[in-house]
Amino acid sequence: MAKRRLPRAVFDYIDGGAGAEITLRENSRIFEDVTFRPRNAVASSTCRLQTTVLGTTLELPFLLAPVGSSRLSFPRGECVAAREAGAAGTAYTLSTLSGCKLEDVRAASSGPVWYQLYLVGGREAATASIQRARVAGFSALVVTIDTAVAGNRERDVRSGTKELVSGQFWKMLPHVPQLVVRPGWLAGFLLDGGLMEFPNVVLPGKGPMKYAEVEPALAQSTVTWQDLRWIRKVWSGPIVVKGVLTAQDARRAVDEGAAAVLVSNHGGRQLDGVAPSLRALPEVVAAVGGRAEVLMDGGIRRGSDVVKALCLGARAVLVGRAYAYGLGAAGGPGVARAIEILRADLVRTLALLGCDDVAALDRSYVDCPAHWPAASLAVTKHIDSQRNREERPQRSSQAAT
Ligand code: FNR
């Protein structure tokens with residue numbers, strides 16, 4: 001539905017990945033390699049989806065990931081998506097590269113909101129946005145570390161994205177027909193003010209960053225571990241380091257004070273050819289060793305994917321495209337529908353698995369290929385989970401009485 005409503009350049013910006021899109025495809029395909037080990041003939045009348053992330057209770061074990069430029073998909077897209085996340089009892093993560101003011105996004109949602117940080121615009125602009133996020137009431141800062149430069153998104157080149165945002169008539173002209181054949185989108189886009197700026201990146205002496213300035217700005221603003229030390233001084237709340245794929249980076253992030261690490265390859269949009277997130281997850285869980293929370297994103301399209309990631313040690317997961325398609329298709333109701341599709345499949349999967357609480361999911365509910373890194377972790381986790389299982393029937397029979 002999003003493909004039908006959006007111009008090619010916008011749809012492919014959401015749908016596409018970097019290079020040959022190997023990591024993008026693998027992110028979703030890898031879920032096929034993990035198979036369930038259900039406990040059948042188990043009846044349960046309730047199903048608990050609640051989870052606690054960074055001290056906040058969420059009604060769902062999935063959150064909305066930062067998706068830049070959502071305002072191109074739908075008028076006031078970031079506010080709309082945040083509102084739906086709050087209504088569903090989960091958190092929304094606002095990208096630095098968003099079209100709505102962070103204060104408006106905070107006000108739009110009844111749930112928790114996190115702010116994702118890029119250093120585009122330099123430290124002064126970043127400090128100002130971090131302060132604004134704190135005052136507005138954002139509860140966590142997500143620092144993305146996998147964006148040394150923008151990934152090579154070949155679909156954007158074919159769609160003429162650079163030309164379309166250049167603001168130069170003759171450059172734009174050959175690519176305008178794709179906008180004209182989407183009149184519903186075009187009307188909304190124009191009524192919403194046309195091409196967005198970045199109101200959360202206020203350049204000293206210049207005002208909000210322009211759309212065309214992003215790519216060079218990203219290349220000049222790689223986040224380093226040194227930056228993390230400085231960010232910790234400016235932001236006293238919890239920090240999530242996003243873009244961790246190896247034990248080495250996981251340990252470093254925790255040593256630098258991360259409250260959570262987010263196993264992510266940016267949805268296959270940055271370095272093509274890196275491991276799919278699900279495969280990197282056990283290695284990171286083992287390296288972190290309980291010193292921080294482990295979150296994961298990448299490739300999640302079904303509730304059963306969420307369950308598999310939780311079984312492999314994620315405390316919760318983030319979804320990007322799964323809701324971005326909904327936003328592009330139908331705005332708020334589209335995001336609500338996407339969340340509901342995931343929630344319903346999550347409940348069904350838990351019931352079929354014979355597990356009534358997401359908190360009880362662990363490695364004993366899945367098999368994964370023996371050659372995966374840190375597959376040996378299964379041995380210790382398995383013993384723990386057997387203990388859990390021995391305790392659990394008593395708890396449910398107490399509940400029944
Ligand atoms: C992203 N992602 C992203 N991440 C980030 O830290 N800052 C950002 O501005 C963006 N922007 C962005 C735009 C679009 C269109 C997409 C699809 C993704 C990455 C995002 O937060 C997340 O890591 C992935 O989307 C997860 O993969 P799935 O769920 O899309 O497969």
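1. A residue is buried if 20 or more other C-beta atoms lie within 10 Å of its own, exposed if 12 or fewer, and partly exposed in between, with C-beta atoms placed from the backbone. Helices (H or I, at least four residues) and strands (E, at least two) are DSSP runs, numbered from the N terminus.

2. This is a predicted model: local features need pLDDT of at least 70, side-chain atom pairs count only at pLDDT 80 or more, and totals for chains, interfaces and linings use all residues. Residues are numbered from 1 along each chain as its sequence is written.

3. Start with the whole protein. It has 19 helices and 14 strands. Its C-alpha atoms fill a box of roughly 70 × 45 × 40 Å along the principal axes. The radius of gyration (taken over C-alpha atoms) is 21 Å, which agrees with the value near 21 Å for a compact globule of 401 residues. That globule rule is 2.2 Å times the number of residues to the power 0.38. Of the 401 residues, 51% are buried.

4. Now helix H2, residues 8–15. Because 6 of its 8 residues are buried, H2 is largely enclosed by the rest of the structure. The buried ones are Arg8, Ala9, Val10, Phe11, Tyr13 and Ile14. Their cover includes helices H1 (2–5), H4 (70–73), H8 (154–159), H9 (161–164), H11 (177–180) and H18 (321–353).

5. Then the core. A nonpolar core is a set of buried Ala, Val, Leu, Ile, Met, Phe, Trp, Tyr and Cys residues joined through C-beta atoms within 7 Å. The largest has 123 residues, and Val261, Leu262, Val284 and Val317 have the most contacts inside it. H18 gives the most to this core, with 14 residues. Two residues are in contact if their C-beta atoms, placed from the backbone, lie within 7 Å. Beyond neighbours within four places in sequence, Val284 contacts Val244, Ala247, Ala250, Val261, Val263 and Val294.

6. Last, alanine 107, in helix H6 (residues 102–108). It has 15 C-beta neighbours inside 10 Å, so it counts as partly exposed.
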